[in-house]
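Me: I would like a close look at a single part of this model. Please keep the wording plain.

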Amino acid sequence: MTVEGPKASEENHLRRILYIWIALSVVLDLVFWFAIGPHIPPGRMTSTAKDNQFDFNVLMVIGLPVLIGVWEWLAYAAIKWNAKGKNTPESVGGPAAAGNKRAEVSWIVITTVVVLFLAGFGIVALYAGNGSGGGEGPNPIQQPAGAVKAETDAIQGTGSWSPNSNEVLPVQVIAQQWKFTYRYPTFGGFESPDLILPDNTQIAFNVTSLDVIHSFWAYQLEVKADANPLENNVAFTKTEQLGSFEVRCSELCGIWHGAMFNSGQVVSESAFMTWATNTESKNAQNTKNLPPFAWTYVPDANGAAGGYYPDGNVTPYSTVEIYGSKQPS
Amino acid sequence: MSKGGRLATVTALFLVVVGLVVWAVAALLVPGVPGGVVNFTDAQAKGQPVHLTVQTVGSIGFGAHPTWVSYLVQDPKTGKWVHDTSWELPAHTVIDMTVYQYDSGSPLRNQEWGQVLGTIGHSATLNGKTFSTYNSNTGNGVGHTFAIPTLNISVPLVGVSGNPCAVAPCHFNSPHNIETFSFKTPGPGSYNWQCFVPCALGYLFGNGGAMSTQNYMGGELEVVNQ
């Protein structure tokens, strides 16, 4: 059986639809990319936020023509092939389209290319650029330059950071029911409920928990890392804009989970230096009472300090296993 | 049933459903004030500091959970101790707080809460002596903290030796610490306050039971315009 090619009238319809589709797609893609794209959340406060926005915008630029194609076809069909109209031309497609090699091959090739491109793009985006596929976790594969040294110095208590030094700044995020606190190992290991970050600086977040599973989600920074007890979950980002951001727990963690949030700030490098040195000095008395800086901390195993009670028994008071006493040697 | 009757039935049912939906949405959108709010707004003249007195007890000794640790508050009008952790306070007003701490303590899970944060002068007094940080690894440790996370306020409540007071309200003849501090309320809104010492004995990580139930170790500040 021979398959007839499309009739001339069908060719005209397809050509018209194609031209309209190309024109609309180009215009709307350009409008989206240049006018809307730069404002798409989570913004451009950090390198990871910028990457995330870029990824979303790429997906949108690819998805928009598909959406336009579907809507245009519907609109065209409703107007041109409306059965209520007089002298309605034969619609394109239907049984006549069965076995149309050109249509079949075009459909398979275009959708395959789009899907494979998106799969590849997604894999690269997850793996490169400190994405969650390789640049985060207890043992991140991808690490920015200087991160290993900064992290090693932090745990050894020899870390340093100064404005315009391009040094990585390790910041520890400690989650507990129901509050985040932050330790700065390069400034004497002081702890604070405030998260202040210097601009134009690579940050190494080291996220852990003192009790149940939480999740550190700094939305505008595009950093989201689970906070697990006895795990050091690492996430990197580079600050690129001044401003404030929100931190929320994104793992349901108990009655006050909804209130487990705070705001942070990206400030100039000099302002950060001033804040950090002032806070280090102001908190010096309490910092002496903190456990030495460690990647994870073992909660106290006694009464009111909050030990584990898996069997419902209250263990007697102990001064041995206090918070932070068990740390890597 | 006649056509008119059916129409009336359908209309009535429709109105009932609409009414229920409106009621449910309104209940979700309108911030409710928890029942039994202790009112401090009418207790003094506008602009004058509010005196808020609470006590912490190791076991409440009555009610559904007599062994649970809890806060009690002194009613500003009657002077009686009330088991209620929802307090209505005037906005933009200094709150002078006195805590009678009758509970024992231990080292903090996170010594960060040994600091006095967010109070006026960044300090508190413990039995008359001013302090800004307390080492929970010494003495009787810290029993509780009074904290309002969204306002970055936190005060460690130093523990006492033993826990001889078994039924609330406790009296001054039981061992206790007296802590005082002041803070200023922000604009109108609902602000939760809580304890950051996982003090619910018998629960995993110490954060269940009294730590996860209103009217025990946490509550709400309903801040309103006076």
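What covers the buried residues of α4(A)?

Reply: This is a predicted model, in which local features need pLDDT of at least 70 and side-chain atom pairs count only at pLDDT 80 or more, while totals for chains, interfaces and linings use all residues. Residues are numbered from 1 along each chain as its sequence is written, and chains are lettered from A and ligands numbered from 1 in the order in which they are written.

The cover of the buried residues of α4(A) includes β2 (169-176), β6 (202-209) and β9 (233-238) of chain A. Contact here puts two C-beta atoms, placed from the backbone, within 7 Å. Helices (H or I, at least four residues) and strands (E, at least two) are DSSP runs, numbered from the N terminus.

Helix α4 of chain A spans residues 147-156, and A:Ala147, A:Ala150, A:Glu151 and A:Ala154 are buried in it. Buried means 20 or more other C-beta atoms within 10 Å of a residue's own, exposed means 12 or fewer, and partly exposed is in between, with C-beta atoms placed from the backbone. Seen down the axis of α4(A), the buried residues fall within an arc of 95 degrees, so they line one face of the helix; the arc is that of the directions from the helix axis to the C-beta atoms. On the face turned away from the buried side are the exposed residues A:Val148, A:Lys149, A:Thr152 and A:Gln156. After α4(A) comes A:Gly157, with a positive phi near 75 degrees.

The covering strands belong to an open sheet of 6 strands with mixed pairing, in the order β1-β9-β6-β2-β3-β4 (chain A). Strands pair if DSSP finds at least two bridges between them; β6(A) and β9(A) pair in the antiparallel sense over 6 bridges.
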